[in-house]
Structures are given as C-alpha cells and as structure tokens.
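Here is my note on the complex you asked me to look over. Please read it with the structure open beside you.

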Amino acid sequence: MRKTNWLLLGLALVLSMFLVACSGGGDNNADGGEGEGNTEEKNEGNEGSEGSEGEPSGEQVLNITDSAEIPTMDPSMATDAVAFQWLGSTMDGLYRLGENAEMEPAIAESHEQSEDALTWTFKLREDATWTNGDPVTAHDFVYAWQRAVNPETGSEYGPYMMNGVIKNAEAISNGEMAVEELGVTAEDDYTLKVELEKPIPYFLSLTAFGTFLPLNQDFVEEQGDKFALEAENILSNGPFKMTEWKHEESWKLVKNEDYWDAENVNLEEINVSVVKETSTRVNLYDSGEIDAAGLSGEFVQQKAGSEELKTEEEPVLFYLKMNQQHEVLGNVNARKAIQSVINREDLVNVILANGSLPAVGDIPQNFAKHPESGEDFRDINGELVETNVEKAQEHWATAMEELGKDSVELELLGGDSEVAKEMDAYLKNQLEQLEGLTVKVKPVPFKERLRLDTEMEYDLQNSGWGPDYIDPNTFLNMWVTDGGNNKTGYSSEEYDALIEKANNELALEPVKRFETFLEAEKMLIEEDAVLAPLYQRASAKLWKPYVKGVITNPMGPDYTYKYAYIDGKE
Amino acid sequence: MARYITKRLIYMLLTLIIIATFSFFLMKMLPGTPLTMEDKLSETQKEIILEKYGLNDPVPIQYLKYMGGLAVGDLGISFQFDNREVTDIIMDRIGPSMQLGAQALIIGTIIGMLLGLVAAIYHNGFLDYSSTFVAVIGKSIPSFIFAGLLQYFIALKLGWFPVALWGSWQHTVLPTVALAMFPIAIAARFMRTEMLEVLGSDFIQTARAKGVNKFGVVFKHGVRNALIPLVTVMGPLAVGLMTGTLVIEKIFAVPGIGEQFVTSITTNDFPIIMGTTLFFSFFFIFIILVIDLLYGIIDPRIRLAEGEK
C-alpha cells in the first residue's frame with residue numbers, strides 16, 4: 001500500500017466520523033428534564049393478590065436492566081435519570097420520596113419552618129451511619145451543598161437547583177462570594193439550619209433530590225479525583241450499597257445492613273445490567289433472566305393485553321413552541337388555529353402508541369394537587385385546547401385577513417430519531433389542513449435544536465419539559481418575559497405578574513397560590529395560545545408478577561426499591 | 001528492513017498528527033457544548049462551567065493544549081463520565097470488542113477459506129453451489145437481522161446459549177457467530193475466485209504435469225498465491241471487527257467500544273471523541289503496516305518493494 005493511500009484512509013476515517021456526527025442525534029430528543037414516572041401507578045398488588053399486600057417469600061433478588069452506564073455516582077455531578085436512580089437507591093437525603101410522591105422523613109426526623117418561611121430547621125436522626133461507620137451529621141449536608149454550588153466543582157445541577165433558593169447560592173456559584181456564606185449551617189451535629197432566598201413552598205420536595213444528598217467530607221477529600229469512580233470509592237448511607245460496578249456492563253447493589261431503616265428493606269440484592277436494545281430486553285425478560293423490561297413502539301403493541309404490561313405515565317410534557325417573532329406566529333389567531341387543528345388523540349394512539357396521553361394544558365396530569373381538596377390541577381382546569389378543524393380554519397382565516405396574506409410557509413424544527421420523523425410528518429400533515437399553510441420540516445440533532453432555540457432561529461418546534469420539583473411553578477415559571485427557557489418571544493405583563501404573585505406574596509398561602517397558577521395556565525394556553533400542547537409522555541414496561549412494592553416517582557429517581565420485595569417466584 | 005520500518009513508523013506518526021488536527025477542528029464545529037443541561041442552565045452558569053473546563057479559550061489554544069497533552073500521552077478526562085480518564089474508558093471497553101472481533105475474524109476466515117477452497121476444487125459441482133450460497137447469504141443478510149434470529153431461536157427458544165449480556169465464554173458464542181458471517185462470506189468469495197485463477201495458471205499445470213498430486217498443488221502453490229488479495233481485504237475488515245460494532249454490541253448487550261464513539265459525539269464529549277478517533281486511526285494504520293509486512297512474507301516478489309529503493 002502506498003503512502004498517499006494512508007493519508008486518504010486517514011481522511012476517510014475523519015470524514016466518516018464527521019458523517020456520524022451529523023446523523024447522530026440519539027433518542028433523548030426534547031426531553032427537557034429527568035423526572036419520570038408517576039405518582040399513582042404502583043407495581044404491587046397484581047390481580048389475584050388483591051386485598052392482601054403479600055409477604056416477601058423466597059430469594060429476595062431483583063434482576064433488572066438500565067438503559068445506559070451510570071455517568072457518575074457523585075451527587076454534585078449527577079444530571080441524568082440513570083445517575084439519580086442509583087444515587088437514590090444507595091443514599092438517603094433529609095427526606096425521601098415515598099408512596100404517592102409523599103415526602104417521608106429519612107435522615108431528617110422532623111423539620112420546622114420559621115414564620116416568614118425563610119428559615120427551615122431540620123432535626124436529624126442520630127442512628128444513621130455511613131457504610132464506614134461514621135455517623136451521618138448535619139455537617140455532611142453543609143459540606144455537600146457547599147460543594148454543589150462551588151464553581152470549582154463544575155456542577156450543573158448545583159447552581160440550577162440552589163440558585164434563588166438557598167441564600168447566597170447565586171453569588172457563590174458566580175464566584176462572587178465565599179462558599180462558607182451559603183445559607184446552610186450545622187447548629188450542632190444533628191440540627192441543620194437552612195436559610196432561603198425567599199419562601200419556597202416546594203422546598204421539602206427538593207430535599208429528596210439527588211443534588212441535596214449529604215457527603216462525608218473526610219471520605220470525599222481522601223478519595224480526591226477517584227471519588228465515586230468505582231464501587232470502592234463510594235460511601236453510602238441508604239437502603240442499598242454498591243458492591244460491584246463493571247463499567248458499561250453491570251453493577252450490583254446489596255442490602256445495607258447498617259441502614260437505619262434496614263428492617264423495612266426486603267431485597268437482599270439488586271443486579272443491574274446495561275441493555276440498550278429493546279428487543280434484547282424483551283428476550284431476556286421472556287427467558288426469565290430479568291424481572292422487568294422497558295418497552296417502546298412496536299413491542300408495546302406486541303405485548304398489548306399482557307397482564308405484565310404496565311403503563312407508567314410521566315409528568316413530562318411535549319408541545320409545539322411557536323416563535324412569536326415570526327410575523328404570522330405573532331398573531332394570536334394564527335396560534336389558536338395551530339392549537340386546534342392538531343388531532344392529539346391520533347397522535348398518541350397511532351404515532352406513539354405507548355400509553356402517552358393527549359396534552360391539553362401546560363401542566364401534566366397527576367402532577368400537582370389542590371392543597372385542600374386534593375383535586376388534580378388538570379381536572380380543575382380541564383381541556384384548554386380542543387381539536388376542531390372548522391374553528392381552526394376560522395381562526396386561521398381571521399389571522400390571514402389581519403395580516404393581509406393568503407399563503408404562508410413555516411419551518412418546523414424536528415428531531416432526527418425514528419419516532420420524531422414520523423411525528424414531524426404527522427404534524428406537517430395536520431398543520432397543512434390550514435388554508436394556504438405550507439410546513440417545511442427541518443430535522444436536526446438535539447444539540448442543534450437547542451442552539452436554534454437559544455438563538456430563536458425557528459418558526460415552530462416540537463419541544464418538551466420535565467419537572468425539577470413537584471410544583472406547577474416548574475412548568476409555568478419558564479414562560480415569563482425573557483425567561484431563560486421561554487424563547488418564544490412571549491411577553492405578557494399580566495402573566496408575569498401572576499407568576500410573580502404566586503412566588504412572592506402568596507408563597508405562604510397554598511390555596512390562593514394554587515389558584516393563581518390555574519389562572520396563569522389558562523392565560524398561557526387559552527387566551528394567549530403561547531404553546532400548542534401535544535402529549536404527555538408515558539412509558540410501557542413489563543414487570544414480572546412476583547415483583548412487588550416498587551414505587552414509581554414523578555421526579556428524582558424513577559423507582560424506589562427500598563420497599564420492593566419478591567413474592568411467589570417459581 | 002529496520003530502515004523501512006522506521007520510515008513507516010515516522011509516516012504513521014505524521015498521519016496520526018494530521019488526523020488529530022482534522023478531527024479536532026471538525027469536532028469543534030459540532031453544535032452545542034458537553035453540558036448535559038444546556039437547555040436549563042443560565043448563560044452565566046454555562047460560561048462559568050465552560051471556563052472551568054477550558055472550553056472558553058479560542059479554538060487554536062485549545063488545540064495546542066490538547067496536542068501538548070497528547071505528546072505526553074494524556075488523552076484527558078471525559079465529560080459524560082465525570083472525572084473518568086479517557087484512556088481508562090477506552091481500555092475498559094476495547095477488551096470485549098477485541099475479543100469478539102478476533103474470534104469472529106479467526107473463525108470467519110478459516111471457515112470462509114475452507115468453503116472457498118472446497119468450492120474451487122469442486123468447481124461447478126454441488127459443493128461449489130452450496131458454499132457460494134452460504135457466502136451470498138452471509139454477505140446479504142444484515143448482521144442485525146442475523147443476530148436477532150440467533151438470539152431468538154438459538155438462545156430464547158432452544159436455550160443453548162445465553163440470550164445476551166457478558167461474562168462467560170458462552171456469552172461470546174452468539175455474537176461471534178453473528179459477527180463471523182461477514183468474514184466467512186468475504187473469505188469464501190475471494191478464496192474461490194483466486195483459487196480458480198491460480199489453479200488454471202501455467203505453473204500449476206506444470207506442477208501437475210510433473211506429477212505433484214492434486215492436494216499438494218492446491219496447498220503448496222494455490223493457497224499461498226490466493227492469500228495476497230485475501231490479506232488485502234481482511235486487514236481493514238479486522239480493524240472494523242475489532243474496534244467494535246454498534247449493532248451486534250447493542251443486540252447482545254456487550255460492553256464494547258462500538259457505541260462509545262457515537263454517544264460521545266451526540267453528547268459532545270470532546271475528549272472521548274478525540275480519544276476513540278485516534279485509537280481507531282492508530283489501530284488502522286498499524287494493521288496496514290502489518291499487512292504490508294505480511295505481503296513480503298507471503299510473496300517474496302513484493303518484499304519491501306518501496307522501502308529499498
């Protein structure tokens with residue numbers, strides 16, 4: 001082979017890399033957040049065992065898969081569902097998510113709020129220990145939270161979750177103040193005082209979140225760069241501890257006998273293998289090697305009717321974002337036309353076919369409940385958009401008249417995954433029912449879509465959002481004028497005022513605050529038609545009937561295995 | 001010989017530097033940053049984090065820093081797998097890929113060569129058609145379909161081997177078979193064509209006329225001549241097989257390197273993109289060198305043709 005040929009080969013290699021880069025997009029499209037699961041769906045009490053809860057029997061070993069390698073076991077650095085899942089299983093924060101997304105005391109025994117709701121004092125239990133025998137103290141929380149906002153750490157979630165919440169977090173994370181100034185102090189070993197920037201009604205739900213987990217300072221500093229890289233560089237204080245971690249292949253969790261609540265932990269072992277392909281998961285599940293298998297697309301239909309198939313609706317919402325800087329989309333009638341021309345039923349039943357629900361507002365179902373009546377946010381506000389092609393045509397005609405146009409071309413930013421392609425084709429077809437509208441689909445990789453979103457270089461885009469805490473604010477707050485993730489050009493003084501009111505004046509009045517959010521959602525979707533809601537994501541999963549007591553969470557870790565047990569495995 | 005190899009090694013180094021340079025600048029043209037929460041963080045926060053990782057420097061400065069690190073063998077630290085060394089990640093993942101690739105290559109080449117040999121010897125007979133049939137099937141059925149069929153029938157229905165995952169030698173059987181189909185097909189076709197040509201040539205006729213028996217001719221003269229083109233195609237194929245295959249590794253849940261490259265691009269994990277590109281390139285160039293040396297051993301006529309001038 002000649003020298004020149006190597007150069008060519010080298011170039012070809014580089015070129016092929018570039019081509020891969022262009023076509024790679026992954027299927028993580030439009031998934032804004034990490035929150036998954038749902039509050040209602042519980043995987044216990046299958047048919048036949050109704051009434052009785054069942055008892056653990058036989059070998060208490062759970063064999064499951066995850067879709068990817070754990071990117072990190074360092075709570076400050078964790079950003080994705082996989083990391084939060086396994087941190088959540090091996091560690092306890094102040095509180096942890098229990099059944100129906102209720103907050104259960106974990107390391108904290110109780111808490112008190114000051115009258116102005118700016119200071120929270122947590123009383124910690126004295127019997128919690130790390131797996132090396134050290135007690136879990138208030139200092140561990142102080143250290144971990146300071147570490148999360150320290151710019152030296154390079155954490156993404158630290159500043160994101162704490163800025164504007166914990167006193168001085170913003171200044172510290174911007175490098176303008178010393179980390180010691182963070183509003184969290186250990187009054188004594190078992191009393192933790194947290195000072196907030198402003199009243200945060202949902203603060204308790206944050207304390208269960210991965211970023212707020214404690215860290216043992218001595219251990220972390222002793223490990224240095226190696227911290228959390230391997231199973232032996234991890235220190236746990238939760239229901240399970242990791243004893244084996246083969247990167248990209250599998251990891252093993254065993255019951256932590258020193259856990260303060262060990263008597264309520266039934267599983268002795270959780271074995272997790274990395275399996276990325278759905279068909280492989282299904283085959284492993286059918287062969288009995290694993291006890292649960294997440295499904296997608298065709299496999300959901302194939303397994304439809306199976307008693308082992310469970311649909312888990314997630315509080316993740318997808319919608320069409322409309323750029324109001326565009327002449328046509330700046331017109332509210334045009335936006336209303338787009339809202340009501342899309343048939344969401346067909347979208348979820350035919351295109352997605354995985355149990356996803358049509359979205360009819362900006363807050364998903366089973367996410368936020370009225371503080372007094374317990375009624376669901378979605379049920380109270382009802383369907384804020386409807387599919388009505390005639391009405392859509394009327395709105396569209398009005399808009400065209402107001403703008404003095406008879407034909408319009410809009411660009412739809414789409415994803416590059418298989419589902420996204422079908423979805424975008426469907427949306428194009430639906431939208432083009434409007435007289436004189438042509439839609440051009442432009443599929444781009446996820447990162448490129450984010451860039452175009454930030455620069456507001458789009459007309460329409462299929463976008464999504466998952467919650468960061470359990471409160472309507474996580475969905476509604478982003479649409480205020482110049483909100484970091486607004487990027488639609490929507491700016492309404494009235495809307496801003498509502499959100500402002502809910503987060504300040506009404507912070508201590510849950511009912512009025514909730515009602516303000518109801519009002520804000522109506523304004524956002526019904527009056528101002530900022531978004532065209534599309535669907536609320538769900539996922540389908542097979543669970544062996546002998547796996548019981550697994551709790552599905554709306555945020556943080558997808559599942560809680562603390563109370564899971566095996567009953568009736570042959 | 002030593003001079004030739006030294007010269008080749010210097011060229012290899014130059015090639016790698018050129019590849020590193022190209023890859024680096026192309027990579028910097030990817031949209032986005034390695035941040036996972038790009039859509040949620042504020043601009044200030046993004047700036048602070050990018051600053052920490054030196055991603056705010058002008059691209060040429062970043063390039064020089066990277067090449068500086070490379071010179072002392074430092075491939076950097078991954079973004080997606082927080083704090084993990086790129087070298088460790090590549091070393092962790094390359095094992096299973098190499099093992100599967102090597103097994104598939106060896107088994108595939110041997111079976112393929114035998115098939116091709118049999119086909120050539122029994123030209124136009126039943127065995128010829130059967131082995132051609134196998135070769136055509138191996139070449140035309142996409143590996144993911146074949147892998148899926150193997151998994152469903154052999155593992156799930158018959159239970160002879162594990163469905164997927166990694167751990168024992170039994171786990172390697174089905175992915176190896178699935179991977180071996182392609183080398184079998186390639187080796188069989190080349191072997192058959194070359195053998196037919198060689199067997200028809202004058203020097204073989206002469207040998208036969210002088211009384212060398214049929215199999216002696218085939219093995220002593222035929223196979224050796226047919227190997228040249230085979231080595232040419234098998235070299236790059238070996239690289240392809242041993243650096244991991246996205247599809248087979250995904251289907252059999254093998255913790256190999258095949259997918260790492262693709263995911264590192266979608267997550268903008270710059271150090272891994274560079275690390276894997278350079279590793280693959282090095283492997284590729286190295287194999288080419290090995291092939292060139294092999295030519296000389298197989299056929300003295302082309303020994304060191306270039307180098308000695």
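The numbered points below take up confidence, then chain A, then chain B.

1. This is a predicted model, and the predictor gives the complex an ipTM of 0.84 together with a pTM of 0.83. For chain B the average pLDDT is 84, with 97% of the residues scoring at least 70. Where pLDDT is low, the predicted coordinates should not be read in detail.

2. Chain A contains an open sheet of 4 strands, whose order is 4-5-7-6 and whose pairing is antiparallel. Strand 4 (108-113) and strand 6 (184-188) of chain A are the edge strands, and because each has a single partner strand, one side of each is left without a neighbour in the sheet. From one strand to the next, the twist averages 25°.

3. Within that sheet, strand 5 (residues 119-124) and strand 7 (residues 191-195) of chain A run antiparallel and are joined by 5 bridges, and Trp120(A) is found opposite Val194(A) of strand 7. Helix 3 (residues 138-149) of chain A lies across strand 5, strand 6 and strand 7 of chain A, and its direction makes an angle of about 165° with strand 6.

4. Why can strand 17 (residues 531-543) of chain A be described as largely enclosed by the rest of the structure? The reason lies in the burial count: 13 of the 13 residues of strand 17 of chain A are buried, so the strand is largely enclosed.

5. Strand 13 (residues 357-358) of chain A contributes an antiparallel pairing with strand 17 over 2 bridges, where Pro358(A) stands opposite Tyr535(A).

6. For chain B, an unreviewed UniProt entry carries the annotation "transmembrane region" for residues 9-27, 100-121, 133-153, 173-191, 227-252 and 272-295. Residues 272-295 of chain B are 100% helix and 0% strand, with end C-alpha atoms 34 Å apart.

Notes: Residues numbered from 1 in each chain as written. Chains lettered and ligands numbered in written order. Predicted model: local features only at pLDDT ≥ 70, side-chain atom pairs only at ≥ 80, totals over all residues. UniProt positions renumbered as here; feature names shortened; annotations may be inferred. pLDDT = per-residue confidence, 0-100. Pairing = 2+ DSSP bridges. Axes fitted to C-alpha atoms, helices over the stretch in contact; angles between N-to-C directions. Contact = placed C-beta atoms within 7 Å. Buried ≥ 20, exposed ≤ 12 C-beta atoms within 10 Å, placed from the backbone.
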